[in-house]
Amino acid sequence: MKREEEWHLYESALILEIDIGTGAVEVKAEYKSSEEARATGQSSNMFKSGTIAGDKLYTCTSTEVLVFDLPEFRISNYVSLPCFNDLHHVVPDADGNLLVTSTGLEMVVKITPDGSVLHQWNVLGEGLWDKFSPAMDYRKVDSTKPHRSHPNFTFELDGEIWATRFFQRDAICLTDPKKHIEIGIQAPHDGLVRGDYIYFTTVDGHIVIVGKRSLRIEELVDLKAINGEKALLGWCRGLLPVDKNRFWIGFTRVRKTKFRQNLLWMRNVFRDDMGEKPTHIALYDTSAHACLQEFDLEPHGMNVIFSIFPAVNKPAETGSLVAPSAEVQHQ
């Protein structure tokens, strides 16, 4: 595995469409960030987590927000601001504004579609600029790691804005700090609100299902146990609920990193006789305790995955999946 850090590792951001019936894979978009929005010519190009709303796909690179019109995958909006560093997620709110998770600055930024800043929240409850400078262009900074919180996903719940915090292993309400969801078991990603539940993944391979009213864990699914713990599944991130029992889950092959705390979870799951699985997506039936289907994404140039969506007008159980927010690795 590469010893380079992720901010220099990936050459192109990809969106793949996968026909889950035939296994056919089509590249729907390949993208490189503009020079103005990159720290150096060697900075990574990648899509992070996004959202499909109507006929639009909202996604982000480390320093840019892009909106694709579907199904053409034509870029119809673009925003890049100096406070964007290591973006991990973008989602439109109920008013049509955009909630952008600027992970490198430990904040969530609310902007209009044309890029005007409406509000900013520090996810640690501290001053926005206690550690950072409002005068600096953080798009020109490859990394601000190590992070103290590492927010990676934002969602709305009953009009309130929430953020998932990696190192605190929780989700916190930014608009009402008294509200809090304790995840605890491991560092979380995602935070999809569907019906009466909020769905999270954890990096070590759990689906965490939280009651929308109780704000407590109501079900915990260990994907390692379903797989028999014969192989290291990878960094678990990205999920698509098909129904209450079936979920598409994304796994990224584990790479080396000097920020060892990010990989401490491996100590509890890794054994010398384990193989390592490639970057892939898998369909799980939690009621049957079974993995129903898998797709290896590495032969198609995808080395990291952040999000999984049903293709427009094609249901997830019978049609195609779109896997944006992924990268091609430098050779």
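In the predicted model, strand β16 is largely enclosed by the rest of the structure, because five of its six residues are buried. Strand β16 spans residues 197-202 and belongs to an open sheet of four strands, arranged in the order β15-β16-β17-β18 with antiparallel pairing. The edges of this sheet are formed by β15, residues 188-194, and β18, residues 217-222, each of which pairs on one side only. On average, neighbouring strands of the sheet are turned by 20° against each other, direction ignored.

On one side, β16 runs antiparallel to β15, and the two are joined by six bridges.

Within β17, Val 210 stands opposite Ile 198. These strands also make a hairpin, here with three residues between them. Its turn contains Gly 205, for which phi is positive at about 105°.

A separate part of the chain was examined around Lys 277. This residue is found in the loop between β22, residues 275-276, and β23, residues 280-285. Lys 277 has a relative accessible area of 18% and is therefore classed as buried, the cut-off for that class being under 20%. When residues up to four places away in sequence are not counted, Lys 277 touches Ala 231, Leu 232, Leu 233, Arg 253 and Glu 294. With Glu 294, the side chain of Lys 277 also makes a polar contact of 3.3 Å, side chain to side chain.

In the loop between β22 and β23, the buried Lys 277 is joined to Glu 294 by the polar contact of their side chains.

Note on methods. Residues are numbered from 1 along each chain as its sequence is written. This is a predicted model: local features need pLDDT of at least 70, side-chain atom pairs count only at pLDDT 80 or more; totals for chains, interfaces and linings use all residues. Side-chain values use heavy atoms; hydrogens and water are left out. Two strands pair if DSSP finds at least two bridges between them. Axes are lines fitted to C-alpha atoms, for helices over the stretch in contact, and angles run from 0 to 180 degrees between N-to-C directions. Buried means under 20% relative accessible area, exposed over 50%, partly exposed in between (1.4 Å probe, protein chains only). A polar contact is a pair of N or O atoms within 3.5 Å; within protein, one must be able to donate a hydrogen and the other to accept it, and residues adjacent in sequence count only if both atoms are side-chain atoms. Contact means heavy atoms within 4.5 Å.
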